[in-house]
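Trainee: Could you take me through the salt bridges with a close look at one part, and explain the terms as you go?

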Amino acid sequence: MKEIRKDMITGDIVIYSSYRNKRPLDKVKATSEFDNKEDEYSESCPFCRGNTSNIKEIKEEIKNSKGEWLAMSVANKFPILDLSTNEIFGEHEVLIETYRHNGSYYNMTNEEFKNTFTLIKNRYRELSMRKGIEYVSVFKNSKRNAGASLMHPHSQMVSSNLIPPEIMKEIKVSDAYKNETDRNLYEDLVEMEIKNEDRLIYNGKYFLAFVPHATRYNGEVRIVGKDDLNVDQWSFEHIDELSYLFKNMFENMEKYHGDIPFNVILHSKTVNKEIGKEMRTHFHIVPRKYNFGGFELTTGLYVCGSNPADLAKAFRIK
């Protein structure tokens, strides 16, 4: 089956072809230094507990009753943005999600996820308070093929004085939907996915997880907030639910895909609340099982062959 689909959130045009994922692939042995089979502690890792004395600037720590850190945010040693110029400026932090060197989203505990989302909430609030900041990007690269330079589990946050083009694209789509229907795009999307059921992974009090009908990324999962809150407004209950959702969903994803690279991208509301009023905070979770080819790069059209219902069934939290 082949058909044209349109991503409701991004506006991307996608060619859905159910045959593409059945193409024969050479059986090449994958090699990576990021096999995640190492010990809990690595002597050479700068993010392991016991090795962090060389970190110049620790922004925030979450500690246990013994005073040992469980998760922390630190200034990035090689920042994408800094405060050295007025043309483009911001701050770049690394969120070390657990002291365990061999930790990953595939094996992190509920408490480790809570620590991660608590740090994201706290650091988002802090970074967005600096004068002139318009947006705070939050993202995770897991393994080298997804852009990570270190294996130790971590996410990153970058504040900036401009709104990224990808966010502006989503804002324009949601604003246009409001102008055309006088309704909020994300509220209608949540209602549609709940009614559809086939693409649902999780339907909670605060968040909905589903496999989108159309996406340029094969196997992508979306998590959409049901209420109109930004990251710094998450309650303990929001963080509890997110932690439960991530832990269980990634366990199911590993059973289906194996321990593959992935990206987690958090698209939040802008710091300037007058821009993108119709936007809702949401996650894009992108497995890096497939790469773009020449057709996508030369045309700007994306081909997807993953069946949303099949993926949702495999990832579903029961």
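Mentor: Arg-100 forms a salt bridge with Glu-112, their closest N and O atoms lying 2.9 Å apart, where a salt bridge is a side-chain nitrogen of Lys or Arg within 4 Å of a carboxyl oxygen of Asp or Glu. Arg-100 lies in the loop between strand 5 (92-96) and helix 1 (110-128), and Glu-112 lies in helix 1, so the pair ties together parts that are 12 residues apart in sequence; helices (H or I, at least four residues) and strands (E, at least two) are DSSP runs, numbered from the N terminus. Arg-100 is buried, with a relative accessible area of 13%, and Glu-112 is buried as well, at 9%, buried meaning under 20% relative accessible area, exposed over 50%, and partly exposed in between (1.4 Å probe, protein chains only).

This is a predicted model, in which local features need pLDDT of at least 70 and side-chain atom pairs count only at pLDDT 80 or more, while totals for chains, interfaces and linings use all residues. Residues are numbered from 1 along each chain as its sequence is written, and side-chain values use heavy atoms, with hydrogens and water left out.

A search of the whole structure finds 27 salt bridges. One of them joins Arg-216 to Asp-12, with the closest N and O atoms 3.5 Å apart, and this pair links distant parts of the chain, 204 residues apart. Both Arg-216 and Asp-12 are buried. The side chains of Arg-199 and Glu-193 also meet in a salt bridge, at 3.1 Å from N to O, and both of these residues are buried. Through shared partners, salt bridges join Asp-12, Glu-166, Lys-169 and Arg-216 into one network.
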